[in-house]
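Try each task before you read its solution.

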Amino acid sequence: MIATVVFASAVVSAERPDVNSAKTKPTPNRKPTVKKVNPAFAPPVEIAGLPNVLLIGDSISIGYMLDVRNQLEGVANVYRPAANCGPTTRGLASLDAWLGDRKWDVIHFNFGLHDLKYIGPKGQSLADPNAATSHHQVPIDQYAANLKKIAERLKATGATVIWQETTPVPDGSAGRVAGDAKRYNEAAAKVLAELGGIQTDAMYAFAVAHADLQRKANVHYTAAGSKKLAEQVTKSVRSVLEKK
C-alpha cells in the first residue's frame, strides 16, 4: 500500500519526488578517493624471531627506508614512523607514539636538517637565511638539549641506540646554510658523548664522499644516492646485530 499525505485537498504520493528533487540531476557514481600510502611508511611483513629495528628521521631517511629494509631482508624487521619526523621538537612530542609497545633491538635515529633550516617571522619554512627576520627553526643550543632528552628516552627502551650524523647542506640550498650540518653534528656529538652509551653512524663523511649523488643545491638525494646512504645505515645496524 502506498501512503499518502494530504495538503489543502492536494493528494501527493509519499513515493513521488517533490518538485525540487525532480529538477535535480542525478549525481554520477564516483569511486571514493583512495589516499596513497607512501610505501616507506608501510610496516614490514614481520618475521617472528627476527630482531626489530626502528629508523627515525626526516625525508632523507624516508628516501633510504625501503633500501635498508631490502638490504636487511631475512636479518631484521625494519620499521619507521609513518611520518616525516622533522625537528627535535616534533621528536619530543611524538616519541612515545613512535616507540609504541614493540620491543626494539636497535633504534637508529637522526634529527638535524629541520632544526637548522631557517624560518620566517610568521613561521614561513625555508626562509632566506640572510634576512634579519629569519632564524633557525631550533637554535643549536636548544637542539642539543632536545637531542639529549630524546637519546635518554631511546636508551630507556633497552635497545642499542645509534645516532646518525646529519647529511651535508650543499651550497645554494633553499632556507639552509652550507656548514650548519657540520656545526649541528658537533653539538650532537658533544652532548651524546656526555650521555654515553650511544653509538654513532658516521654518515656525514660518508655522504661527503658521495656528494655526486646529492641533488644540486638541494639537501635531498637521487634514487641512487638514497640507495648508497642505505648501505651505510645497513652497515651500522648489522654491526650491532652481529654482536647480539
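This is a predicted model, where local features need pLDDT of at least 70 and side-chain atom pairs count only at pLDDT 80 or more, while totals for chains, interfaces and linings use all residues. Residues are numbered from 1 along each chain as its sequence is written, and side-chain values use heavy atoms, with hydrogens and water left out.

**Exercise 1.** Work out which residues of strand β8 sit on each side, and whether they are buried or exposed.

*Solution.* Start with the terms: strands (E, at least two residues) and helices (H or I, at least four) are DSSP runs, numbered from the N terminus. Buried means under 20% relative accessible area, exposed over 50%, and partly exposed in between (1.4 Å probe, protein chains only). In a regular strand, side chains alternate between the two sheet faces. Now look at β8: T160, I162 and Q164 lie on one side, V161 and W163 on the other, and all are buried.

**Exercise 2.** Find which strands β5 pairs with.

*Solution.* Two strands pair if DSSP finds at least two bridges between them. First, β5 (residues 106–109) runs parallel to β8, with four bridges; V106 faces T160 there, and I107 faces V161. Next, β3 (residues 52–56) also joins β5 in parallel over four bridges, where I56 partners F109.

**Exercise 3.** Trace how the chain gets from β8 to β9.

*Solution.* Parallel strands β8 and β9 (residues 199–201) share three bridges, and I162 partners Q199. Between them the chain passes through helix α5 (residues 180–195), making a right-handed β-α-β crossover: with the strands pointing away from you, the path from the first strand over the helix to the second runs clockwise.
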